[in-house]
Structures are given as structure tokens and as C-alpha cells.
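Here are my notes on this model, point by point.

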Amino acid sequence: MNQENGNVLHVAFASDNNYIEFVAVAIASILETNKWMNHTYIHLLSNNVESSSIEKIKKLFCSESIELLTYDISDLRQRLHVEIPPTIALTSYARLFIADLLPVDINKVLYLDCDIVVNGSLKELFNYIFKEDEWIAGVLDTLPDTSSKIDIGIKPNSPYINAGVLLINLETWRRNKVSENCIHFLLKHNGNVHHHDQGIINAVCDEKKKIISPKYNMTSTYFSHPYSLLSKTNEPFYSEEEYDNSIKSPIILHFTEGFYNRPWISNSKHPYKSLYFKYRSLTEWKDSPLKQDTRKFYVKWLGWTFLHCPYCCYRILSNLISFTAKVCQK
């Protein structure tokens, strides 16, 4: 699996059976938009994904130049050594162990969340050569304030990346025992870390991050929120020119929860939802029914206000909801 050849790509996903449909869509988009590859290795960290689903993906996509390799992570709960809050899928924590799971002759991998679609070439990104003090590369997240950073013990002006798209320097992770340090951090916080495994990665890899263009991880907030707001609440952040260019030509679309909702939700207003269905049509899950919006009524109300009313109205409503929630807790 030597990757010295510039036309070899290693991509990793972590999934349980609930998300394997999205993995298939992501793989379809990668293969359609990255014809430059001589060989593609897709590494699936599998948390009890049904063998029939894995066989569907292999039958559809695999060939002499495209391989799907699976790694059993059904023991993930034991690996963590501590209970975590039920507010996130357990499988999300699998990326913490990726350097230990993948073969040692692989020194770099592009980790992708399941809910992404690739819209352009990954060659420049994957062939980036890490510097000695760079353990990971990612896109700056769009945070509402600095609490996420303060809660994990990094400076308010430290870079904070979204963990949905990560170019990981596996060689450095192994040498510096990053996976082990991540578990120590989790245990130190008794399993409760702001933003879960994303917060852990940002804390453990603080000052070891390479910040890449937002075009490689365009979360939903990049489309729903104006630059003036994002640049005000995030430091550091991108220039307005880089932000605008990424909006116009995104390479990786990350369908995170947000005011537009995800493409597979019946009332989604995401500007790129048609692209998701384009690639879903190439999979065995092309006829899957849309899911219903299960968000609380006040979350829907808040989103509608943000998208259709002056920002001051959104802030008033947001503060009112927060105040009501605190009163109800007393």
C-alpha cells in the first residue's frame, strides 16, 4: 500500500449500519470527480456494519484499482475506557484510533465524515507534504463564540478545526502517541468534552495544525451565515476573498446540521442538495425515502427567523429560548 506515488489516494470513513448509505454516496462522489488516481484505498472503520452492505459497496465500486478495506471497531466502547454522552454517535470517536488501525506503511490518510460529497479534485490536498511540526490539516470551524476553545483549554485565538475532513499525518501520530494522548484527555474530562472527539483532537493537536482552504470542508454554516458574522465570532478566520471563492467553488461539501437542514431530510433547503442526489443515484440506496425533520419546534422557528428576518430578531429569539430553558431547569 505504498503511497509514494502521487496518484495513490487513501481515504477513511467510520460508520455503523445507520450511516453506510451516506458512505456509499461519498465514495461515488470521490470516484466520479477524481479520475487522476491510479489506485484508491478506501478504509472503512466498521462498527457492526452488515456484511451485505459492505458487499453492495464492493460490488458497485471495487476493481483492480479501487479497494475497500474494513477494520472492526465494534470494541470502540472498551477502547474509550469511559462512558460518553449519548448526544453523538459512538462511531465518531473511531477517528481517534485511526493511526493504530491502519497499516504502518501508510503514513497519510484523508479522513472524511459520512455526510460529505466531493465536488472536485482531492489531488492537491492529499499530496500536501506535512512539515515536521504539523500533525493534522483541517478547515477552521464556524463557531458562535469562544466557549468551545476555552472549555478544552486552548487560547481563544487558537485555530479550531472541524474534524469532519482531516488530512492526518499518521507517521507523526504514531511517533507522538496522539491516539493515546487523546484517550488520556478524554479520561481527564470524565468522558465529557465540548464537541466530543473534535474537541479532543483540537486540544491534543493544539499548535500542530495546518489550516487549509475552506473549500475542502464547506459545512452548512458557510452557506447560511454571512461572512461579516463568521469573521466576527471566529479568530483566526479566512479572508473574505477566500471565503467567497470557496462558496463559489467548493471541493468538499459537508452536510452538517444547520438552518438549511441536510439533503436527505424532506424539507431541506441546502443549496447543494441536488448534488447529493446526483451521487446517491449511483448507489444501491438511490430509492431510499427521505427522512422527516425531527427537530424541536423552537429549533425550526429559530432557523426560520435567522434565514428570513433581521439578525437582531434572531438574537432576541435565541436569548428568549435560552432564558426559558434555564428557568425550566430550575
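1. A definition before anything else: contact, or touching, means heavy atoms within 4.5 Å. With that in hand, look at Tyr-93, which touches Leu-76, Leu-80, Ile-84, Ile-88, Leu-186, Gly-191, His-196, Asp-197 and Ile-200, leaving out residues up to four places away in sequence. Tyr-93 sits in the loop between α3 (76–80) and α4 (98–101). Helices here are DSSP runs of H or I with at least four residues, strands are E runs of at least two, and both are numbered from the N terminus. The relative accessible area of Tyr-93 is 0%, so this residue is buried. The scale is: buried under 20% relative accessible area, exposed over 50%, partly exposed in between (1.4 Å probe, protein chains only). Arg-79 is 14 residues away from Tyr-93 along the chain, with 9.8 Å between their C-alpha atoms.

2. Ground rules. This is a predicted model, where local features need pLDDT of at least 70 and side-chain atom pairs count only at pLDDT 80 or more, while totals for chains, interfaces and linings use all residues. Residues are numbered from 1 along each chain as its sequence is written, and side-chain values use heavy atoms, with hydrogens and water left out.

3. Overall build. The protein chain has 15 helices and ten strands. Its radius of gyration is 20 Å, close to the 20 Å from the globule rule for 330 residues, so the chain is as compact as a globular protein of that length. (That radius is taken over C-alpha atoms, and the rule is 2.2 Å times the number of residues to the power 0.38.) The C-alpha trace spans about 55 × 45 × 40 Å along its principal axes. Of the 330 residues, 53% are buried. Among contacts with a separation of 6 or more, 77% join residues 24 or more positions apart.

4. Helix α1 (residues 20–33) is worth a look. At 1.5 Å a residue, its 14 residues should span 20 Å, and its end C-alpha atoms are 20 Å apart, which agrees. The expected span is 1.5 Å times one less than the number of residues. Twelve of the 14 residues are buried, so α1 is largely enclosed by the rest of the structure. Those buried include Ile-20, Glu-21 and Phe-22. Ile-20 also turns up, with Asn-17 and Trp-285, among the contacts of Ser-53 beyond four places in sequence. Ser-53 belongs to helix α2 (residues 51–61), and at 6% relative accessible area it is buried.

5. Most residues other than glycine have a negative phi, and most peptide bonds are trans. Here, the bond from Glu-235 to Pro-236 is cis, with omega near 0°, and Pro-236 is in the loop between α11 (227–233) and α12 (240–248). Ser-158 contacts both Glu-235 and Pro-236, along with Lys-149 and Asp-206, neighbours within four places aside. Ser-158 is buried at 8%.

6. Which residues have a positive phi without being glycine? Lys-177 is one, near 55°, and Asn-261 is another, at about 70°. Lys-177 lies in the loop between α7 (170–175) and α8 (178–188) and is exposed at 52%. Asn-261 lies in the loop between β10 (252–254) and α13 (273–280) and is buried at 7%.

7. Leu-187 in helix α8 is partly exposed at 34%.
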